[in-house]
Amino acid sequence: AFFRKLRMKNENRSCFECTARNPTWISLSYGVYLCLECSGEHRRKGVHISFVRSVELDRFTPEQMVQMGVGGNGKAWEFFKQHGMGKLSDGGRHIDYNSNIT
């Protein structure tokens, strides 16, 4: 029920990385919602870069739930936009998950 409410927010109704609707995976590292395909891309980066979990299959600690509650795709898009990265940035430059900013 907790994640269902968060996923109902407009900003979280599509994948952080692409336009896929109704993402069911999250990156706890960045507090963003991901589709299955993009969650695989994040998993390949390694858990030290992006810790990915399923909102439907996994259990979460209270701290992780708070982290997702204060995060979300909208806040992450805005953060990366301020640093000239992401699909909302002026240049549309891909997010460098290995940079010091992340």
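**Close-up 1. The salt bridge between D58 and R53 in the predicted model.**

**Close-up 2. The salt bridge between E56 and R7.** Here the closest N and O atoms are 4.0 Å apart. The pair links distant parts of the chain, since E56 sits in the loop between β3 (52-54) and α3 (62-70), whereas R7 belongs to helix α1 (residues 2-7), 49 residues apart. E56 counts as exposed, with a relative accessibility of 55%.

**Close-up 3. The salt bridge between R44 and E41 within helix α2.** The side chains of R44 and E41 meet at 2.9 Å, N to O. Both residues lie in helix α2 (residues 36-45), and because they are three residues apart, about one helical turn separates them. R44 counts as exposed at 62% relative accessibility, while E41 is partly exposed, with a relative accessible area of 41%.

**Close-up 4. The aromatic pair F2 and F3.** The structure holds eight aromatic pairs. In the one formed by F2 and F3, the ring centres are 5.1 Å apart and the planes stand at 80°, so the pair is edge-to-face. F2 is partly exposed, with a relative accessible area of 33%, whereas F3 is buried, with a relative accessible area of 8%.

**Close-up 5. The aromatic pair Y30 and F80.** The ring centres of Y30 and F80 are 6.3 Å apart and their planes are at 50°, so this pair is tilted. The pair links distant parts of the chain, with Y30 in the loop between β1 (25-27) and β2 (32-34) and F80 in helix α4 (residues 73-82), 50 residues apart. Y30 is buried, with a relative accessible area of 16%, and F80 counts as buried at 2% relative accessibility. Y30 and F80 take part in one aromatic cluster together with F16, W77, F79 and Y97.

**Close-up 6. The two sides of helix α4.** The buried residues of α4 are N73, A76, W77 and F80. Seen down the helix axis, these buried residues of α4 fall within an arc of 100°, so they line one face of the helix. What covers them includes β2. The face of α4 turned away from the buried side carries the exposed residues K75 and Q82. After α4 comes G84, whose phi is positive, near 70°.

Methods:
Residues numbered from 1 in each chain as written. Heavy atoms only, no water. Phe/Tyr/Trp six-rings, centres within 6.5 Å; stacked < 30°, edge-to-face > 60°. Buried < 20%, exposed > 50% of the residue type's maximum accessible area, 1.4 Å probe, protein only. Helix = DSSP H or I, 4+ residues; strand = E, 2+ residues; numbered from the N terminus. Arc of directions from axis to C-beta. Contact = heavy atoms within 4.5 Å.
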